[in-house]
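Please read this briefing beside the sequence and the coordinates.

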Amino acid sequence: MDQDTELSGRLAKNIKQLREARGLTQQQLAKLAGVPRATWAHLESGAANPTLGVLHRAAAALQVSIEEMLSAPRATCQLYARDTLPTRSPGQAFVRKLLPDPIPGMEMDRIEIPPGGRMTGVPHTPGTREYLTCESGGLLLVVGGERFTLGAGDVAVFRGDQRHSYNNPGKQPAVGYSVVVLARVV
């Protein structure tokens with residue numbers, strides 16, 4: 001494939017993907033860009049050889065740079081295999097991050113505790129909230145000296161700045177998910 005054909009194909013794919021992501025028709029975007037619908041259709045088919053002015057109007061209508069329209073298409077999805085996510089084993093538990101990239105101010109983990117196992121939580125900064133949901137098995141949450149039993153589907157919400165622990169009193173592995181919303185430092 002020659003360079004011109006590759007560039008036209010890249011432009012066509014990007015423009016179509018950007019338009020569809022915005023939920024607009026070719027007619028609607030052609031109108032926003034101030035170009036005939038046939039011109040827009042040619043851009044998306046890769047058959048066009050647009051002028052710089054047409055590229056500028058298309059980019060403005062899509063609210064992107066010309067460079068983004070011409071760049072190599074980005075993957076629409078990136079798959080992370082379970083084994084590539086960060087893990088740790090505090091106490092008798094196995095903890096795996098739910099997301100490959102951090103979200104500022106949040107921590108999200110999958111916690112698996114074997115039968116009879118226990119994990120001690122680390123108190124967070126004052127004002128932190130923690131959400132714990134039990135996916136399977138049963139969890140015994142101890143927070144500030146109080147005990148809470150969670151079955152599959154139950155959710156406990158508590159201040160994450162106090163002593164807490166997670167226990168599996170059952171005879172089968174327990175799986176839960178913890179979402180910690182860290183306190184904002186002002």
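The points below are grouped by topic, after a note on conventions.

This is a predicted model, in which local features need pLDDT of at least 70 and side-chain atom pairs count only at pLDDT 80 or more, while totals for chains, interfaces and linings use all residues. Residues are numbered from 1 along each chain as its sequence is written, and side-chain values use heavy atoms, with hydrogens and water left out.

**Salt bridges**

- The structure holds 7 salt bridges, each defined as a side-chain nitrogen of Lys or Arg within 4 Å of a carboxyl oxygen of Asp or Glu.
- One of them joins E44 to R19, with the closest N and O atoms 2.4 Å apart; this pair links distant parts of the chain, since E44 lies in helix 3 and R19 in helix 1, 25 residues apart.
- E44 counts as buried because its relative accessibility is 11%, and R19 counts as buried at 10%, where buried means under 20% relative accessible area, exposed over 50% and partly exposed in between (1.4 Å probe, protein chains only).
- D83 and R82 also meet through their side chains, at 3.9 Å from N to O, and both of these residues are exposed.
- In the salt bridge between E112 and R110 the closest N and O atoms are 3.0 Å apart; E112 is partly exposed at 29%, whereas R110 is buried at 16%.
- A network of salt bridges links R88, K97 and D109.

**Helix 2**

- Helices (H or I, at least four residues) and strands (E, at least two) are DSSP runs, numbered from the N terminus.
- Within helix 2 (residues 26-33), the residues Q26, L29, A30 and A33 are buried, and they line one face of the helix because, seen down its axis, they fall within an arc of 105 degrees, taken from the directions from the helix axis to the C-beta atoms.
- K31 and L32, on the other side of helix 2, are exposed.
- The cover over the buried residues includes helix 1 (3-21), helix 3 (37-45) and helix 4 (52-62), with contact meaning heavy atoms within 4.5 Å.

**Strands 5 and 8**

- Strand 5 (residues 129-136) and strand 8 run antiparallel and are joined by 5 bridges, pairing being assigned if DSSP finds at least two bridges between two strands.

**Loop residue G117**

- G117 sits in the loop between strand 3 (106-113) and strand 4 (118-121), and counts as buried at 4% relative accessibility.
- Leaving aside residues up to four places away in sequence, G117 touches Q92, Y166, N167 and N168.
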